[in-house]
Amino acid sequence: MKVLITGGAGYIGSHCSRYFLEQGVDVTILDNLCEGHREAVKGDRLVVGDCGDGALLDRLFSETAFDAVVHFAAFTSVGESVAEPRKYFHNNVENMLTLLNAAVDHGTKYFVFSSSAAVFGEPTCLPIPEDHEQRPINPYGETKMIGERMLADYERAYGLHSCSFRYFNAAGDSSDSTIGESHHPETHLIPLVIQAALGKRPPLTVFGTDYDTRDGSCIRDYVHVEDLASAHYLGLKYIMEHQTSEQFNLGSENGFTVLEIIRAFEKVTGISVPYTLGDRRPGDPAALVAGNEKARELLGWKPGKSTLETILTDAYHWEMKRTY
Ligand code: UFG
(Lines give C-alpha, C1' and ligand atoms only; values in the text may rest on other atoms or scores of the structure.)
Protein backbone atom coordinates (compact mmCIF):
# COMPACT_ATOMS: atom_id res chain seq x y z
CA MET A 1 0.00 0.00 0.00
CA LYS A 2 1.30 3.45 -0.96
CA VAL A 3 0.34 6.38 1.25
CA LEU A 4 1.09 10.09 1.08
CA ILE A 5 1.33 11.59 4.59
CA THR A 6 1.18 15.37 4.71
CA GLY A 7 2.62 17.01 7.81
CA GLY A 8 4.50 13.79 8.49
CA ALA A 9 7.41 15.69 10.05
CA GLY A 10 5.12 17.26 12.66
CA TYR A 11 4.17 15.99 16.09
CA ILE A 12 1.28 13.60 15.41
CA GLY A 13 2.26 13.08 11.76
CA SER A 14 5.76 11.82 12.58
CA HIS A 15 4.46 9.23 15.06
CA CYS A 16 1.85 8.11 12.55
CA SER A 17 4.40 7.91 9.70
CA ARG A 18 6.62 5.75 11.81
CA TYR A 19 3.73 3.47 12.74
CA PHE A 20 2.69 3.08 9.09
CA LEU A 21 6.29 2.22 8.12
CA GLU A 22 6.35 -0.42 10.88
CA GLN A 23 3.20 -1.94 9.35
CA GLY A 24 4.97 -2.24 5.99
CA VAL A 25 3.25 0.71 4.29
CA ASP A 26 5.18 2.51 1.53
CA VAL A 27 5.13 6.05 2.96
CA THR A 28 5.94 9.36 1.26
CA ILE A 29 5.94 12.40 3.53
CA LEU A 30 5.10 15.87 2.29
CA ASP A 31 5.95 18.60 4.78
CA ASN A 32 6.99 22.22 4.25
CA LEU A 33 8.90 22.14 7.57
CA CYS A 34 7.34 25.41 8.72
CA GLU A 35 6.48 23.60 11.96
CA GLY A 36 7.73 20.08 11.28
CA HIS A 37 11.26 18.80 11.90
CA ARG A 38 13.52 17.07 9.41
CA GLU A 39 14.97 15.05 12.33
CA ALA A 40 11.51 13.51 12.92
CA VAL A 41 11.64 11.71 9.57
CA LYS A 42 13.84 8.69 9.03
CA GLY A 43 15.51 7.97 5.69
CA ASP A 44 14.76 9.68 2.41
CA ARG A 45 10.97 9.69 2.51
CA LEU A 46 10.56 13.41 3.02
CA VAL A 47 9.54 15.74 0.19
CA VAL A 48 9.86 19.33 1.38
CA GLY A 49 6.92 21.22 -0.06
CA ASP A 50 3.49 22.62 0.46
CA CYS A 51 0.04 21.06 0.16
CA GLY A 52 -1.06 24.22 -1.61
CA ASP A 53 1.49 23.69 -4.41
CA GLY A 54 -0.71 22.16 -7.13
CA ALA A 55 2.21 21.60 -9.54
CA LEU A 56 4.21 19.72 -6.90
CA LEU A 57 1.16 17.61 -6.01
CA ASP A 58 0.61 16.81 -9.69
CA ARG A 59 4.19 15.58 -9.94
CA LEU A 60 3.98 13.50 -6.74
CA PHE A 61 0.66 11.88 -7.65
CA SER A 62 1.89 11.20 -11.22
CA GLU A 63 5.08 9.55 -9.98
CA THR A 64 3.32 7.38 -7.38
CA ALA A 65 -0.19 5.92 -7.54
CA PHE A 66 -1.08 6.63 -3.91
CA ASP A 67 -3.81 4.41 -2.50
CA ALA A 68 -4.47 6.92 0.26
CA VAL A 69 -3.63 10.33 1.65
CA VAL A 70 -3.29 10.90 5.39
CA HIS A 71 -3.57 14.65 5.92
CA PHE A 72 -2.00 16.18 9.04
CA ALA A 73 -0.52 19.37 7.60
CA ALA A 74 -2.42 22.22 9.26
CA PHE A 75 -2.06 25.02 11.77
CA THR A 76 -3.42 24.02 15.16
CA SER A 77 -3.27 26.90 17.65
CA VAL A 78 -6.67 28.03 18.80
CA GLY A 79 -5.49 31.44 20.04
CA GLU A 80 -3.53 32.20 16.88
CA SER A 81 -6.54 31.28 14.75
CA VAL A 82 -8.57 33.98 16.50
CA ALA A 83 -5.86 36.59 15.87
CA GLU A 84 -5.05 35.48 12.30
CA PRO A 85 -8.02 33.69 10.75
CA ARG A 86 -6.83 34.24 7.17
CA LYS A 87 -3.70 32.21 7.91
CA TYR A 88 -5.92 29.35 9.14
CA PHE A 89 -8.47 29.44 6.34
CA HIS A 90 -5.66 29.59 3.78
CA ASN A 91 -3.67 26.65 5.11
CA ASN A 92 -6.34 24.47 6.65
CA VAL A 93 -9.09 24.99 4.06
CA GLU A 94 -7.65 26.32 0.79
CA ASN A 95 -4.57 24.08 0.81
CA MET A 96 -6.66 21.08 1.83
CA LEU A 97 -8.89 21.76 -1.16
CA THR A 98 -5.86 21.76 -3.49
CA LEU A 99 -4.78 18.45 -1.96
CA LEU A 100 -8.25 16.93 -2.25
CA ASN A 101 -8.46 17.94 -5.91
CA ALA A 102 -5.08 16.40 -6.66
CA ALA A 103 -6.18 13.20 -4.91
CA VAL A 104 -9.45 12.82 -6.84
CA ASP A 105 -7.90 13.94 -10.14
CA HIS A 106 -5.29 11.19 -9.83
CA GLY A 107 -7.69 8.47 -8.75
CA THR A 108 -6.74 8.18 -5.06
CA LYS A 109 -9.69 6.56 -3.29
CA TYR A 110 -9.05 7.05 0.44
CA PHE A 111 -8.36 10.05 2.66
CA VAL A 112 -7.65 10.16 6.40
CA PHE A 113 -8.16 13.56 7.98
CA SER A 114 -6.86 15.16 11.21
CA SER A 115 -9.91 16.84 12.62
CA SER A 116 -10.24 18.10 16.17
CA ALA A 117 -12.40 18.20 19.28
CA ALA A 118 -12.51 21.92 18.47
CA VAL A 119 -15.33 21.16 15.96
CA PHE A 120 -17.70 20.71 18.92
CA GLY A 121 -17.17 24.06 20.67
CA GLU A 122 -18.76 24.12 24.16
CA PRO A 123 -20.16 20.61 24.60
CA THR A 124 -23.66 20.12 25.93
CA CYS A 125 -22.85 16.68 27.37
CA LEU A 126 -19.83 14.64 28.45
CA PRO A 127 -18.34 12.37 27.24
CA ILE A 128 -18.88 13.89 23.78
CA PRO A 129 -20.36 11.42 21.27
CA GLU A 130 -19.48 11.58 17.55
CA ASP A 131 -22.92 12.90 16.63
CA HIS A 132 -22.78 15.81 19.10
CA GLU A 133 -23.74 19.08 17.42
CA GLN A 134 -20.81 20.92 15.83
CA ARG A 135 -20.66 24.57 16.88
CA PRO A 136 -16.99 25.60 16.86
CA ILE A 137 -16.10 28.66 18.92
CA ASN A 138 -12.92 29.65 17.10
CA PRO A 139 -11.60 29.81 13.49
CA TYR A 140 -9.41 26.73 14.04
CA GLY A 141 -12.47 24.64 14.85
CA GLU A 142 -14.31 26.18 11.88
CA THR A 143 -11.55 25.12 9.50
CA LYS A 144 -11.71 21.54 10.75
CA MET A 145 -15.49 21.43 10.49
CA ILE A 146 -15.25 22.74 6.91
CA GLY A 147 -12.65 20.03 6.18
CA GLU A 148 -15.07 17.34 7.35
CA ARG A 149 -17.86 18.86 5.23
CA MET A 150 -15.69 19.00 2.13
CA LEU A 151 -14.95 15.32 2.63
CA ALA A 152 -18.66 14.45 2.85
CA ASP A 153 -19.29 16.29 -0.43
CA TYR A 154 -16.25 14.73 -2.12
CA GLU A 155 -17.48 11.28 -1.22
CA ARG A 156 -20.94 11.97 -2.66
CA ALA A 157 -19.59 13.53 -5.86
CA TYR A 158 -16.29 11.73 -6.49
CA GLY A 159 -16.44 8.58 -4.38
CA LEU A 160 -13.52 9.58 -2.13
CA HIS A 161 -13.88 7.55 1.07
CA SER A 162 -12.58 9.24 4.19
CA CYS A 163 -11.99 8.81 7.87
CA SER A 164 -11.95 11.92 10.09
CA PHE A 165 -10.44 11.78 13.57
CA ARG A 166 -11.34 14.38 16.16
CA TYR A 167 -8.33 14.40 18.45
CA PHE A 168 -8.81 15.50 21.99
CA ASN A 169 -5.51 16.47 23.71
CA ALA A 170 -2.67 14.69 21.94
CA ALA A 171 0.11 14.09 24.45
CA GLY A 172 3.12 11.91 25.21
CA ASP A 173 5.95 10.99 22.88
CA SER A 174 7.52 7.90 21.34
CA SER A 175 8.32 5.35 24.05
CA ASP A 176 11.97 5.19 22.86
CA SER A 177 12.28 9.01 23.05
CA THR A 178 13.54 9.29 19.47
CA ILE A 179 10.68 11.46 18.23
CA GLY A 180 8.38 13.74 20.17
CA GLU A 181 6.53 16.97 20.65
CA SER A 182 8.44 20.13 19.71
CA HIS A 183 6.48 23.31 19.08
CA HIS A 184 8.05 26.75 18.85
CA PRO A 185 6.67 28.45 20.80
CA GLU A 186 5.31 25.66 22.99
CA THR A 187 1.76 26.32 24.19
CA HIS A 188 0.62 22.84 25.28
CA LEU A 189 0.14 22.03 28.92
CA ILE A 190 2.19 18.86 29.42
CA PRO A 191 5.48 20.04 27.85
CA LEU A 192 5.06 23.35 29.70
CA VAL A 193 4.54 21.55 33.03
CA ILE A 194 7.69 19.49 32.47
CA GLN A 195 9.82 22.39 31.27
CA ALA A 196 8.73 24.49 34.27
CA ALA A 197 9.55 21.59 36.61
CA LEU A 198 13.02 21.27 35.07
CA GLY A 199 13.64 25.01 35.39
CA LYS A 200 13.76 25.44 31.61
CA ARG A 201 11.11 28.14 31.76
CA PRO A 202 9.37 30.29 34.40
CA PRO A 203 6.64 28.80 36.59
CA LEU A 204 3.55 27.55 34.77
CA THR A 205 0.43 29.71 34.86
CA VAL A 206 -2.78 27.76 35.47
CA PHE A 207 -5.27 29.41 33.13
CA GLY A 208 -8.42 29.84 35.20
CA THR A 209 -9.45 28.57 38.61
CA ASP A 210 -13.14 29.45 38.55
CA TYR A 211 -14.47 26.93 36.02
CA ASP A 212 -17.36 24.73 37.04
CA THR A 213 -15.10 21.70 37.55
CA ARG A 214 -13.98 19.73 40.63
CA ASP A 215 -11.05 22.09 41.41
CA GLY A 216 -11.90 25.10 39.22
CA SER A 217 -9.30 24.41 36.50
CA CYS A 218 -10.13 23.08 33.00
CA ILE A 219 -10.71 19.40 32.31
CA ARG A 220 -9.16 17.82 29.22
CA ASP A 221 -8.89 14.30 27.82
CA TYR A 222 -5.23 13.43 27.13
CA VAL A 223 -4.59 10.76 24.51
CA HIS A 224 -1.18 9.25 23.79
CA VAL A 225 0.23 10.16 20.39
CA GLU A 226 1.16 6.52 19.73
CA ASP A 227 -2.48 5.54 20.30
CA LEU A 228 -3.46 8.21 17.76
CA ALA A 229 -0.99 6.67 15.29
CA SER A 230 -2.50 3.19 15.56
CA ALA A 231 -6.02 4.63 15.15
CA HIS A 232 -5.05 6.13 11.79
CA TYR A 233 -3.87 2.79 10.49
CA LEU A 234 -7.00 1.01 11.74
CA GLY A 235 -9.21 3.77 10.33
CA LEU A 236 -7.64 3.55 6.89
CA LYS A 237 -8.01 -0.24 6.84
CA TYR A 238 -11.65 0.14 7.92
CA ILE A 239 -12.69 2.53 5.15
CA MET A 240 -10.86 0.38 2.60
CA GLU A 241 -12.58 -2.81 3.74
CA HIS A 242 -16.04 -1.27 4.07
CA GLN A 243 -15.86 1.26 1.19
CA THR A 244 -17.33 3.87 3.48
CA SER A 245 -16.57 7.10 5.34
CA GLU A 246 -16.57 7.58 9.12
CA GLN A 247 -15.81 10.11 11.84
CA PHE A 248 -14.29 9.11 15.17
CA ASN A 249 -13.51 10.89 18.41
CA LEU A 250 -10.10 9.91 19.73
CA GLY A 251 -9.62 10.32 23.46
CA SER A 252 -9.22 8.20 26.56
CA GLU A 253 -12.70 8.87 27.98
CA ASN A 254 -10.96 10.20 31.13
CA GLY A 255 -10.83 13.88 31.95
CA PHE A 256 -8.18 15.50 34.17
CA THR A 257 -7.96 19.06 35.46
CA VAL A 258 -4.86 21.19 34.96
CA LEU A 259 -4.09 20.90 38.69
CA GLU A 260 -4.45 17.11 38.51
CA ILE A 261 -1.90 17.01 35.68
CA ILE A 262 0.55 18.96 37.82
CA ARG A 263 0.03 16.61 40.78
CA ALA A 264 0.30 13.52 38.58
CA PHE A 265 3.61 14.70 37.13
CA GLU A 266 4.95 15.34 40.63
CA LYS A 267 3.86 11.85 41.67
CA VAL A 268 5.36 10.10 38.62
CA THR A 269 8.74 11.88 38.78
CA GLY A 270 9.09 13.19 42.33
CA ILE A 271 9.90 16.63 40.89
CA SER A 272 7.77 19.56 42.03
CA VAL A 273 6.19 21.90 39.50
CA PRO A 274 6.36 25.63 40.20
CA TYR A 275 3.12 27.34 39.18
CA THR A 276 0.92 30.35 39.75
CA LEU A 277 -2.83 30.68 39.45
CA GLY A 278 -3.92 32.99 36.63
CA ASP A 279 -6.89 34.23 34.64
CA ARG A 280 -8.83 32.17 32.13
CA ARG A 281 -7.37 31.91 28.62
CA PRO A 282 -9.95 33.22 26.12
CA GLY A 283 -11.63 30.48 24.08
CA ASP A 284 -11.03 27.62 26.54
CA PRO A 285 -14.09 25.40 27.13
CA ALA A 286 -14.40 24.24 30.76
CA ALA A 287 -14.32 20.50 30.04
CA LEU A 288 -13.70 18.28 27.00
CA VAL A 289 -13.86 14.50 27.29
CA ALA A 290 -14.25 12.14 24.33
CA GLY A 291 -16.65 9.28 24.00
CA ASN A 292 -14.43 6.65 22.35
CA GLU A 293 -16.76 3.67 22.12
CA LYS A 294 -17.19 4.01 18.35
CA ALA A 295 -13.43 3.77 17.67
CA ARG A 296 -13.09 0.85 20.08
CA GLU A 297 -16.04 -1.03 18.61
CA LEU A 298 -15.73 -0.36 14.88
CA LEU A 299 -11.94 -0.18 14.63
CA GLY A 300 -10.94 -2.44 17.51
CA TRP A 301 -8.86 0.50 18.75
CA LYS A 302 -7.24 0.09 22.18
CA PRO A 303 -5.87 3.34 23.63
CA GLY A 304 -3.57 1.30 25.88
CA LYS A 305 -0.91 4.00 26.28
CA SER A 306 -3.34 6.74 27.20
CA THR A 307 -2.89 6.59 30.96
CA LEU A 308 -1.53 9.68 32.67
CA GLU A 309 1.39 7.68 34.00
CA THR A 310 2.54 6.50 30.55
CA ILE A 311 1.91 9.88 28.91
CA LEU A 312 3.82 11.80 31.58
CA THR A 313 6.67 9.28 31.78
CA ASP A 314 7.18 9.30 27.99
CA ALA A 315 6.90 13.09 27.87
CA TYR A 316 9.42 13.47 30.69
CA HIS A 317 11.91 11.12 29.02
CA TRP A 318 11.51 12.94 25.71
CA GLU A 319 12.13 16.29 27.40
CA MET A 320 15.36 14.91 28.92
CA LYS A 321 16.66 13.41 25.68
CA ARG A 322 15.11 15.52 22.93
CA THR A 323 17.23 16.20 19.88
CA TYR A 324 15.00 18.84 18.25
N1 UFG B 1 -3.13 25.45 30.20
C2 UFG B 1 -2.72 26.14 31.33
N3 UFG B 1 -1.53 26.78 31.28
C4 UFG B 1 -0.72 26.78 30.18
C5 UFG B 1 -1.15 26.07 29.04
C6 UFG B 1 -2.37 25.41 29.09
O7 UFG B 1 -3.42 26.18 32.33
O8 UFG B 1 0.34 27.42 30.21
C9 UFG B 1 -4.42 24.75 30.24
C10 UFG B 1 -5.41 25.25 29.19
O11 UFG B 1 -6.12 26.36 29.65
C12 UFG B 1 -6.27 24.01 28.97
C13 UFG B 1 -5.32 22.85 29.22
O14 UFG B 1 -4.22 23.40 29.94
O15 UFG B 1 -7.27 23.97 29.92
C16 UFG B 1 -4.80 22.23 27.95
O17 UFG B 1 -4.30 23.27 27.11
P18 UFG B 1 -3.49 22.97 25.78
O19 UFG B 1 -3.09 24.32 25.24
O20 UFG B 1 -2.43 21.98 26.04
O21 UFG B 1 -4.57 22.27 24.84
P22 UFG B 1 -6.02 22.78 24.38
O23 UFG B 1 -7.00 21.96 25.16
O24 UFG B 1 -6.16 24.24 24.46
O25 UFG B 1 -5.99 22.45 22.83
C26 UFG B 1 -5.96 21.15 22.32
C27 UFG B 1 -5.24 21.14 20.99
C28 UFG B 1 -5.96 22.01 20.00
C29 UFG B 1 -7.40 21.56 19.91
C30 UFG B 1 -8.04 21.53 21.26
C31 UFG B 1 -9.41 20.93 21.15
O32 UFG B 1 -3.92 21.59 21.16
O33 UFG B 1 -5.35 21.90 18.73
O34 UFG B 1 -7.29 20.72 22.15
O35 UFG B 1 -10.22 21.57 22.02
F36 UFG B 1 -8.09 22.43 19.14
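Student: Which residues of H4 are buried?

Tutor: In this predicted model, the buried residues of H4 are Tyr-88, Asn-91, Asn-92, Val-93, Asn-95, Met-96, Leu-99, Leu-100, Ala-102, Ala-103 and Val-104.

Student: And what covers the buried residues of H4?

Tutor: The cover includes three strands, E1 (2-6), E4 (68-71) and E5 (110-116), together with the helices H2 (54-63), H3 (78-83) and H5 (139-158).

Student: How far does H4 reach from its first C-alpha to its last?

Tutor: Helix H4 takes in residues 85-105, 21 residues in total, and reaches 29 Å, which is close to the 30 Å expected at 1.5 Å a residue. Just after H4, Gly-107 takes a positive phi of about 80 degrees.

Student: Switching to H10, what span should its 14 residues give?

Tutor: Helix H10 (residues 308-321) should span 20 Å at 1.5 Å a residue, and because its end C-alpha atoms lie 20 Å apart, the model agrees with that expectation.

Student: Which of its residues are buried, and what covers the buried residues of H10?

Tutor: Leu-308, Ile-311, Leu-312, Asp-314, Ala-315, Tyr-316, Trp-318 and Glu-319 are buried in H10. Among the elements covering them are the helices H6 (189-197) and H8 (258-269), and also the strands E7 (169-171), E10 (222-224) and E12 (256-257).

Student: At what angle do the axes of H6 and H10 cross?

Tutor: The axes of H6 and H10 cross at roughly 60 degrees and come within 10 Å, so the two helices, H6 and H10, are oblique to each other. Their crossing is right-handed. On the H6 side the contact is made by Ile-190, Ile-194 and Gln-195, and on the H10 side by Ile-311, Leu-312, Ala-315, Tyr-316 and Glu-319. The residues of this contact of H6 with H10 divide into 6 nonpolar, 1 polar and 1 charged.

Student: What about H6 and H8, where do their axes stand?

Tutor: Those axes, of H6 and H8, come within 11 Å and cross at roughly 45 degrees, and H6 and H8 are therefore oblique to each other. The crossing of H6 and H8 is right-handed. Leu-189, Ile-190, Val-193, Ile-194 and Ala-197 of H6 make the contact with Val-258, Ile-261, Ile-262 and Phe-265 of H8.

Student: How do the residues of the contact of H6 with H8 divide?

Tutor: The contact of H6 with H8 has 9 nonpolar residues, with no polar and no charged ones.

Key:
Residues are numbered from 1 along each chain as its sequence is written. This is a predicted model: local features need pLDDT of at least 70, side-chain atom pairs count only at pLDDT 80 or more; totals for chains, interfaces and linings use all residues. Side-chain values use heavy atoms; hydrogens and water are left out. Helices (H or I, at least four residues) and strands (E, at least two) are DSSP runs, numbered from the N terminus. The expected span of a helix is 1.5 Å times one less than its number of residues. Buried means under 20% relative accessible area, exposed over 50%, partly exposed in between (1.4 Å probe, protein chains only). Contact means heavy atoms within 4.5 Å. Axes are lines fitted to C-alpha atoms, for helices over the stretch in contact, and angles run from 0 to 180 degrees between N-to-C directions. Angles under 35 degrees count as roughly parallel, over 145 as roughly antiparallel, 65 to 115 as roughly perpendicular and the rest as oblique. A crossing is left-handed if the near helix is turned anticlockwise from the far one by less than a right angle, and right-handed if clockwise. Ala, Val, Leu, Ile, Met, Phe, Trp, Tyr, Cys and Pro count as nonpolar, Asp, Glu, Lys and Arg as charged, and the others, Gly among them, as polar.
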